[in-house]
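Here is a short tour of a structure for you to follow with your viewer open. Please load it and come along.

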Amino acid sequence: QVQLVESGGGLVQAGGSLRLSCAASGRTFSTYALGWFRQAPGKERETLAAITRSGGSTYYADSVKGRFTISRDNAKNTMYLQMNSLKPEDTAVYYCAAGQYGSTRYSYNLWGQGTQVTVSS
């Protein structure tokens, strides 16, 4: 089983960029599909992007397509989310998760603690 730790969140102005990282412990990192999610206050957890075990296929929610890029480096046990053209509505706690490849949070059973992203207008 892996443990996941997110980093890279912070405060950024609208139009700016951030890169989130999700570092994993354990030797089985490459056996999991991975995903990025976010949750804003009072809202449900939203799937942003997902990537298969090899990194050969990806999924993006319409809300982030063309602005966010998911990637993974299995040699480094790390997944990334490059976020460009950030908007105030991107403000949320961002989570990474591991599990089966899918577009909903129910496909993922291992979760990090989250990192706050705040986009100012």
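This is a predicted model: local features need pLDDT of at least 70, side-chain atom pairs count only at pLDDT 80 or more; totals for chains, interfaces and linings use all residues.

## Around Ile70

Setting aside neighbours within four places in sequence, Ile70 is in contact with Leu34, Trp36, Ala49, Ala50, Ile51, Thr58, Tyr60, Met79, Tyr80 and Leu81.

## The nonpolar core

Ile70 also belongs to the largest nonpolar core, which has 31 residues. Together with Trp36, Phe68, Met79, Leu81, Met83 and Tyr94, Ile70 is among the members that touch the most others. At least two core residues come from each of the strands β3, β4 (33-39), β5 (46-51), β7 (68-73), β8, β9 and β11 (115-120).

## The disulfide

How many disulfides are there? The count is 1, and the pair is Cys22 and Cys96, with sulfur atoms 2.1 Å apart. This bond ties together distant parts of the chain: Cys22 sits in strand β3 (residues 18-24) and Cys96 in strand β9 (residues 92-99), 74 residues apart. The S-S torsion of Cys22 and Cys96 is about 65 degrees, so the disulfide is right-handed. Are these two cysteines buried or exposed? Both Cys22 and Cys96 are buried.

Strand β8 (residues 78-83) is where you will find Thr78. Its relative accessibility is 11%, so Thr78 counts as buried. A polar atom of the Thr78 side chain lies 2.8 Å from the backbone oxygen of Lys76.

Beyond its neighbours within four places in sequence, Thr78 is in contact with Cys22, as well as Ser21, Ala23, Phe29, Arg72 and Asp73.

Conventions:
Residues are numbered from 1 along each chain as its sequence is written. Side-chain values use heavy atoms; hydrogens and water are left out. A disulfide is a pair of cysteine sulfur atoms within 2.5 Å. Helices (H or I, at least four residues) and strands (E, at least two) are DSSP runs, numbered from the N terminus. Buried means under 20% relative accessible area, exposed over 50%, partly exposed in between (1.4 Å probe, protein chains only). A polar contact is a pair of N or O atoms within 3.5 Å; within protein, one must be able to donate a hydrogen and the other to accept it, and residues adjacent in sequence count only if both atoms are side-chain atoms. Contact means heavy atoms within 4.5 Å. A nonpolar core is a set of buried Ala, Val, Leu, Ile, Met, Phe, Trp, Tyr and Cys residues joined through side-chain atoms within 4.5 Å.
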